[in-house]
Amino acid sequence: MSARTLYSCLAPQIEAFINLRRLSGTDYHSQAQLLGHFDRFLVEQGIQQPRVTREICDRYQNSLSALAPRTQGNRFGVVRQLSEYLTRTDPLSYVPEPLPSSSSRQPHRPYIFTHGQIGSLLTAASRLPPPGSLRPHTVRTLLGLLYTTGIRIGEACALNIEHFLPAERKLYIAEGKFRKSRWIVLSASTTCALQQYQDRRMGKGVNAPDSPLLLNHRRHRLGCSPVRQAFRQLLHECHIPWTRRDGPRIHHLRHYAAFRIMPTEG
């Protein structure tokens with residue numbers, strides 16, 4: 001894969017499947033990115049068995065429950081394609097049923113956070129466990145970054161150290177939606193907050209230019225699924241109503257980002 005490195009127990013099989021699809025003349029870039037999400041899920045769940053099982057598929061489907069139905073279908077669909085491919089060499093590999101059609105469901109309505117709610121979420125993020133770890137600073141920085149810049153959560157998690165240019169107050173999105181790269185101009189307060197995080201992060205992991213900017217508690221690249229879980233926890237703590245079918249999503253932090261200022265840590 002050109003933009004992502006695979007680390008899971010199924011990494012060789014996923015890579016071979018992607019290469020096969022591309023040899024057939026299919027670009028398969030977007031689908032490869034979706035398989036990257038599945039690869040990170042396997043790593044985050046600590047799965048070591050190099051085989052797709054029903055339990056893995058059920059757990060992965062549950063991890064997608066907070067996403068829009070179409071997004072769920074896209075992510076789960078490529079895993080089903082991978083499973084069908086794996087049965088050629090491993091008859092015991094499980095092939096899940098496709099997700100039910102969701103065309104009749106209405107999309108989530110956009111949710112506009114108030115400044116007070118954003119302040120509460122950032123304060124609550126600073127208290128996330130474990131004490132003394134990088135996790136609360138990572139989640140707080142990520143939420144503030146989404147809120148002030150309008151970038152997508154996947155774009156934020158894909159950031160490397162080299163993509164942040166504090167002297168120029170710029171952030172480089174290497175490969176965003178539709179494979180388009182772009183520069184993001186940062187406000188002074190956002191630059192300061194991101195610099196504070198980077199200074200704290202430098203002693204916690206590999207510091208090469210192509211190393212992840214945002215780290216998880218294992219000092220690897222931050223994944224989207226754990227962030228969404230933490231975000232729901234913060235919503236509950238801040239008494240912001242949320243259900244699986246209604247209420248705020250982390251994606252909604254992006255609305256009207258140009259008019260917002262990211263608060264720095266005191």
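**Cavity and helix pair: a quick briefing**

Helix α2 gives the most to the lining of the largest cavity, with four residues. Keep in mind that this is a predicted model, where local features need pLDDT of at least 70, side-chain atom pairs count only at pLDDT 80 or more, and totals for chains, interfaces and linings use all residues. Residues are numbered from 1 along each chain as its sequence is written, and side-chain values use heavy atoms, leaving out hydrogens and water.

**The largest cavity**

- You'll find four cavities of 30 Å³ or more in the structure (a cavity is a set of points, on a 1 Å grid over the protein atoms alone, where a 1.4 Å probe fits but cannot get out).
- The largest cavity holds about 60 Å³ of space (volume is the space filled by probe spheres set on the points).
- Its lining (residues with an atom within 4 Å of a point) includes His 37, Arg 40, Phe 41, Glu 44 and Tyr 60.
- Both α2 (29-44) and α9 (224-237) supply at least two lining residues each (helices are DSSP runs of H or I, at least four residues, numbered from the N terminus).

**Helices α5 and α6**

- Helix α5 (residues 115-125) packs against helix α6 (residues 135-149) at about 160°, with axes 8 Å apart (axes are lines fitted to C-alpha atoms over the stretch in contact, and angles run from 0 to 180 degrees between N-to-C directions).
- So α5 and α6 are roughly antiparallel to each other (angles over 145 degrees count that way).

Note on methods. Angles under 35 degrees count as roughly parallel, over 145 as roughly antiparallel, 65 to 115 as roughly perpendicular and the rest as oblique. On a 1 Å grid over the protein atoms alone, a cavity is a set of points where a 1.4 Å probe fits but cannot get out, and a pocket is an open set with protein on both sides within 12 Å along at least five of seven lines; lining residues have an atom within 4 Å of a point.
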